[in-house]
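Biologist: I would like to learn how to read a structure one feature at a time. Please give me the general idea and then the case at hand.

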Amino acid sequence: MASAPYALGLTTANEHPESRALPVRGTLPPWLRGTLVRNGPGRFEVGDEAYNHWFDGLALLHAFTITEAGVSYRSRFLQSSAYTEAEAEGRITQSAFATDPCRSLFERVMTVFRPQLTDNANVSIHRLAGDWVALTETPLPVRFDPHTLDTLGVVDYDDTLSGPLTTAHPHRLPDGTLYSYVVDFSKPTSTYRLYRLDATTATRTELGTHAVRRPSYMHSFAMTERYLALVAFPLVLDPLDVLLSGKPFIENFEWQPERGTQIHVFERATGAHVTTVPTDPMFAFHHINAFDDGDALCIDLAAYPDATIVDRMYLDALRSGWDDVEMARPERLRVDLSQHTATRERLSDTGIEVPRIHYASCNGQPYRYAYGTGNRTPGHFTDELVKIDVTTGSAQHWHADDCFPSEPIFAAAPGSNAEDDGVVLSVVLDAEAERSFLLVLDAESFTEVARAPAPQAIPLSFHGQFLDADAPLQGLHR
Ligand code: CO
């Protein structure tokens, strides 16, 4: 099978636990001090077995630290039980997104009664209960040291909130309070449970619940000053299938467009269910932002017409090419809370994935700029970075030959007033040179100011955060 030009980014990597200094080309802003930590799959085989889907790979953390002395780099595999068991046994032992371990009949029966949840937290990183954690879609955050990337163990929630499925994209207030949800599909009627988690505790407080017959696969959600919203796409689950089908997790979900998309709105303060408003069938992994506008709730997301994107990210398909794949487009769902209706508006014709905003100042507020990856050359997956002005639909682009960027992360300049006063950080795979580099763009002009090449290729990764060296709440408080 022909290999796509970015396939090196979907190849098992070695870890580099010792910090090493990197050369810097260009000039870094003197105020830019901190560490970009990113998370994503870095190992795709165990013994003779291979994972099926990009979302299955074992988590590799990597970090670029910027100090007065320059830029340094390190990477480490997250020492989850999924990883250490795989190392010890030479086989896949935990169920993943689209890969199950080979199991005997007895083991299959036992799994029905005692489903095992993976702790391979390969999606994102967040701050939770005073620690930095790696997250995936099981409620098993894995703590790590952001300086050494050492794994510190799974967070043991001090509560009884039940639900095996969650999001790796919680929302966060400036004081560190997190909002998120779990999906409980252990009973014939499933329940979405919204919760709040205060900055320094591991106790999730249930805010509100909503029962549904067929829970939706949702990768993220929306939060404004007044509301939380779950946009339930018609990629839905019959809970019994998870137990009885014998299929890996995501293959139990069915695309049922006749259900439409159901937008469930809740009061943020109380968790009370406000309304559920239907709109057309669609699919998205990522919300961009959301805000209140009088009696309306505006929810912006990176929308696909359907869920075929999930299938396109099986490793065989993804490694062989990206032809005929429609990029997600930024779209606004405007929910009229007095009329209980929703309208859709495309915000730009420029494609976008893994969207980021100036979160600290714009989350839950009207805003202007979304940063993300995009597609420039047909078949080339994400081969550019984009900055979209959602108020006009216009876009700025960054690309370089044979280069495949990861999610761009905005870091604000100190004392900035303009929404785009700062830099955008991305880890870019240079497939021709077979190495990756830290890219620093001026956010306003969207042009390169500096890059720092690593000595080897780093697998394409999903999500990260910039840990500002000067910001409060960033050090280790344990
Ligand atoms: Co994501």
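Modeller: Two strands are called paired if DSSP finds at least two bridges between them. Keep in mind that this is a predicted model.

Biologist: Then how many bridges do β33 and strand β34 pair over, and in which sense?

Modeller: β33 and β34 (residues 435-442) are joined by eight bridges in the antiparallel sense. One of the residues to look up is V428, whose bridge partner in β34 is F437.

Biologist: Which other strands are joined to β33 by bridges?

Modeller: Strand β31 (residues 403-405) is antiparallel to β33, with three bridges. There, P405 has V428 as its bridge partner in β33. Strand β32 (residues 409-412) is also antiparallel to β33 and is joined to it by four bridges. For I409, the partner in β33 is L425.

Biologist: How many residues of strand β33 are buried?

Modeller: Residues count as buried when their relative accessible area is under 20%. In strand β33 (residues 422-430), nine of the nine residues are buried, so the strand is largely enclosed by the rest of the structure. As a general point, side chains in a regular strand alternate between the two faces of the sheet.

Biologist: Is F446 buried or exposed?

Modeller: F446 is buried, because its relative accessible area is 2%. A129, at 21% relative accessibility, counts as partly exposed.

Biologist: What does the side chain of N120 reach?

Modeller: Look for pairs of polar atoms. The N120 side chain reaches the backbone oxygen of D56 at 3.3 Å. A polar atom of this side chain also lies 2.9 Å from the backbone oxygen of G57. N120 itself belongs to the loop between α2 (105-113) and β8 (124-128). It is buried, since its relative accessible area is 8%. Leaving out residues up to four places away in sequence, N120 touches several others, including L58, A59, S80 and T136.

Biologist: What about nonpolar cores: how many residues does the largest one have?

Modeller: The largest nonpolar core has 82 residues. Those with the most contacts inside it include W54, Y217, F283 and I299. Strand β24 (residues 296-304) gives the most to this core, with seven residues. If neighbours within four places in sequence are left aside, I299 is in contact with residues including A222, V231, I263, L333 and V335. Another core, of 20 residues, lies apart from the largest one; among its members are L36, L425, V427 and F466.

Biologist: How many disulfides does the structure hold?

Modeller: The structure holds zero disulfides. For C362, the nearest cysteine sulfur is that of C298, 15 Å away. A disulfide needs the two sulfur atoms within 2.5 Å, so C362 is in none. C362 counts as buried because its relative accessibility is 5%. C102, at 59%, counts as exposed.

Biologist: One last case. How far apart are D311 and E251 in sequence and in space?

Modeller: They are 60 residues apart in sequence, and their C-alpha atoms are 9.5 Å apart in space. D311 lies in helix α4 (residues 308-312). With a relative accessible area of 48%, D311 is partly exposed.

Note on methods. Residues numbered from 1 in each chain as written. Predicted model: local features only at pLDDT ≥ 70, side-chain atom pairs only at ≥ 80, totals over all residues. Heavy atoms only, no water. Helix = DSSP H or I, 4+ residues; strand = E, 2+ residues; numbered from the N terminus. Buried < 20%, exposed > 50% of the residue type's maximum accessible area, 1.4 Å probe, protein only. Polar contact = N/O pair within 3.5 Å; in protein donor to acceptor, adjacent residues only side chain to side chain. Contact = heavy atoms within 4.5 Å. Core = buried A, V, L, I, M, F, W, Y, C linked by side-chain atoms within 4.5 Å.
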